[in-house]
Amino acid sequence: MAARSYVMKIFGRAPVRRIQQHMDKVVLCVAELEPFLKAAVEGDWDRAREIQGSIGTLENEADEIKRDIRLHLPKGVFMPVSRVDLLEMLRLQDMVANKAKDIAGLMLGREMDVPASISNDMIEYARRAIEAARQACTAINELDELFESGFRGAEVELVGSMIKRLDEIEKQNDQQQIKLRANLFEIEDDLNPVKVVFLYRIIDWVGDIADLAQRVGSRLEYLLAR
Amino acid sequence: MEFATTYLVLACVFGLFMAWGIGANDVANAMATSVGSRALTIRQAVLIAAVFEFLGAFLAGGEVTATIRKGIIDVAVVSDKPELLVIGMLASLLAAALWLLAASSRGWPVSTTHTIVGAIVGFAIAGIGFGAVEWGRIGAIVSSWVVSPLLAGTIGFVLFVSVQRLILGTAEPFRNAKRYVPFYIFLVGFFVSLVTLLKGLKHFGLGFTTLQSYLLALGIGVTLALVGKIYISRIHLDPALDEQFHFANVERVFGVLMIFTACAMAFAHGSNDVANAVGPVAAVISLVTSGGAVGREAALSFWILLLGGGGIVIGLLMYGTRVMTTVGSNITELTPSRGFAATLAAAATVVLASGTGLPISTTHTLVGAVLGVGMARGISALNLSVVSNIFMSWVITLPAGAILAIVFFYLFKAFIT
C-alpha cells in the first residue's frame, strides 16, 4: 500500500518563508554597496573587485530562490493572497538586488572615481537607499506573522506602520538625490563629460534601489488590503 | 438456512478485512490534520486513534450501522429469498474491501463510505431489481455527501474567523489564547458527547431524557475544559521562541486544544466509518438468525461493533502507523490553530451525521473543513487540483464498487446454487 495520506496532498508548499529568505539575501547583496562605494572613493579597485564578486554571488543566490518559489507556485494553488501580487512583489525584491549588481558592475568596469567634494554625500545617499531595502525586509519579515493572523487585526497595523516608515526613508533619499545632483551640477564643468554622464546614471540607480524597495512595500500593502 | 455457518464466518472475515483496511489507510487520512500540525507525536496520535476510533465505533456507531444494514435495501422485497440478500451483502463487503485496498495502494483518494454504498446499491439493482433499492433514502445519503463538506467548510470558516477575532488578531494573542482556548475545549466535549448521548447510545438501551443528556454533556464539556485549563496554565511565555515567529507561543496553547480535537475526530471517524464494515455483517447475521427474537438486536450490534472497532485498531497498528509517520514528516505550514479549526469542524459534522444515521465520507468532510479555513484566509497554500481530484473520485468510486459487487454476487451465487 502507498504509505501516504491523500488529505495531506492538499496542503501546498507555502512560499512565505522562501520569500522572506529571498528578501534577506537581497538585503545582504545591497548592503555590500556601502563598502564597495568606500573602496571606489578610495580608489582601491582590488578591494572593490572583491566586493563586486560577492555582490554577484549574492544576487545569483537570490535568483535561485526566486526561481524555486516560482516553480512551486503553479496556477492551481489557492492562497490567502493573490498569487499575482505575491509574484510581482517577489519580482520587485529581485530587481533591488539586480540594481545593486548593475551599480557595482558599471562602477568597477569604468573604474569610476567619485569627486571628493561629493563623495561623502554619495556614501550617505547610498546608505539611506540600503536602509530603505532593510526596512522593506523588516516588513517582509512579518509576512509569516501576517499569514498566521490571517491578514487581520494588530499584525496588519504593525506592518502598515513599517511601510509608512519605509515611505519616509524613500522620501529622505529623494531629497538627498536632489541635493547630490545639484552639487554635481555645480562642479560638472570641471569634470570629464563622459564621466559626469555616468555619475548621474549611478546616482539614478542608487535612487532606484530606494524606489524599488518602496514598491516592494506597496505591493505588500496590496496583499494586506484584499 | 443452508450454509448458515459458512455465511456467518464469511461475513465476519470479510467485515474484519474491510475494518482492517479502514484502519490501515482511512484513519491516517482522518487524523491527517492532527498529525500534520505536529501538535501530537506519532505515538500519541496512534494511541488517541486506537482508543477513540474504538470508542466512537462502540458508543456511537449504531445508527449508521443500522442504515447500511437495512436502510438501503427494502428487505420486504426479498423476504421470501433472504439468501440473495446474504450473498449480496457478502459480495458488497468483499468488493468494497478489495476496491479500497487497490485504491489505497495507488494513493487514489477514494471514500470507504461511497464504496460500500455503491456496492450495495449495485448488487441490489443487478441481483434483486431496481425497485429493491430505497431510492428516497439513497437520495438523502447522496445529498448528505454534498452537504457534509459544505457544512464542515462553513463551521471551519466560522471557527477560524472567531480565532482570528478573539486571539490571533489581537494585541495580546498569547494571553487571549490562554483565556479562550478552554472554551473551545468545552465546545469539543459538549458537542460530541451531546450528540452521542442523544443519538448514539440507543443500542445500549440507555434511555437518557433530553434534559439529562444536556446536563451530562454540559458536565463533560466543563470537566474537559478544566483539564485543558490546567494543561494550558503550565505553558509559560517563552520569549526565545517568539523571536523568529511571534505566534510560536500562541501555537503551543493551540497544541493543547489540538489533542482534544484529535480525540473528537477519531471518535467521529469511528462512529461513522466502522459502519461501512460492520453494517453488512450485521445484515448477514440478522438474516441468518432471523428465526430468533427481535430483542436480540441490541446484543447483536454490541459485539459486531466490537468486531468492527477491533478490526480498525488492528489495521491502524499494523499499517496505519506507517501512513501517519509519513503524514507527520510532511512539510506543511499547517499550524495547530488551523488544524484545530478544520478538525473540529469536520468532527462535529461527522458526529452529527452519525447521530442521524447518515453514512458520510469523513475525509471529504475534512477536506471541506480545510477549504473553509482556507476561505477565511487561514491556510497559506492549498492545492486546488488535488481537492478537485478528491471530490471527483467518488464519481468513479460509486460505479467501481457497484460493478465489483455485481461480479462477486454472481460468482457467489454460482458457487452456492
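## Basis and confidence

Residues are numbered from 1 along each chain as its sequence is written, while chains are lettered from A and ligands numbered from 1 in the order in which they are written. Because the model is predicted, local features need pLDDT of at least 70 and side-chain atom pairs count only at pLDDT 80 or more, whereas totals for chains, interfaces and linings use all residues.

The predictor assigns the complex an ipTM of 0.83 and a pTM of 0.89. Within chain B, helix α7 (residues 135-168) has the highest confidence, at 94, and helix α10 (residues 239-242) the lowest, at a mean of 79.

## Chain A

Chain A contains 9 helices and 1 strand, where helices (H or I, at least four residues) and strands (E, at least two) are DSSP runs numbered from the N terminus. Their order along the sequence is α-α-α-α-β-α-α-α-α-α, and the C-alpha atoms of chain A fill a box of roughly 75 × 40 × 25 Å along the principal axes.

Of its 226 residues, 46% count as buried; a residue is buried if 20 or more other C-beta atoms lie within 10 Å of its own, exposed if 12 or fewer, and partly exposed in between, with C-beta atoms placed from the backbone. Two residues are in contact if their C-beta atoms, placed from the backbone, lie within 7 Å, and among such contacts in chain A between residues at least 6 apart in sequence, 87% join residues at least 24 apart.

## Where the chains meet

The contact draws 31 residues from chain A and 47 residues from chain B. On the chain A side, α1 (6-9), β1 (77-78) and α7 (143-148) each supply at least two residues, and the residues of this side divide into 18 nonpolar, 6 polar and 7 charged. In this division Ala, Val, Leu, Ile, Met, Phe, Trp, Tyr, Cys and Pro count as nonpolar, Asp, Glu, Lys and Arg as charged, and the others, Gly among them, as polar.

Strand β1 of chain A is joined by 2 bridges to strand β1 (residues 382-383) of chain B, and the two run antiparallel; strands pair if DSSP finds at least two bridges between them. A:Val77 has B:Asn383 as its bridge partner.

## The nonpolar core

A nonpolar core is a set of buried Ala, Val, Leu, Ile, Met, Phe, Trp, Tyr and Cys residues joined through C-beta atoms within 7 Å. The largest has 232 residues, and those with the most contacts inside it include A:Ala133, A:Val30, A:Ile209 and B:Val284. Helix α11 (residues 248-288) of chain B gives the most to this core, with 26 residues. Leaving aside neighbours within four places in sequence, A:Ala133 is in contact with residues including A:Val30, A:Val96 and A:Ile209.

B:Leu358, in the loop between α13 (336-356) and α14 (362-375), counts as buried because it has 23 C-beta neighbours inside 10 Å. Beyond four places in sequence, B:Leu358 is in contact with B:Ile141, B:Ser144 and B:Ala353.

Most residues other than glycine have a negative phi. B:Arg377, in the loop between α14 and β1, has a positive phi near 60 degrees, and B:Arg377 is buried, with 20 other C-beta atoms within 10 Å.

Notes: pLDDT = per-residue confidence, 0-100.
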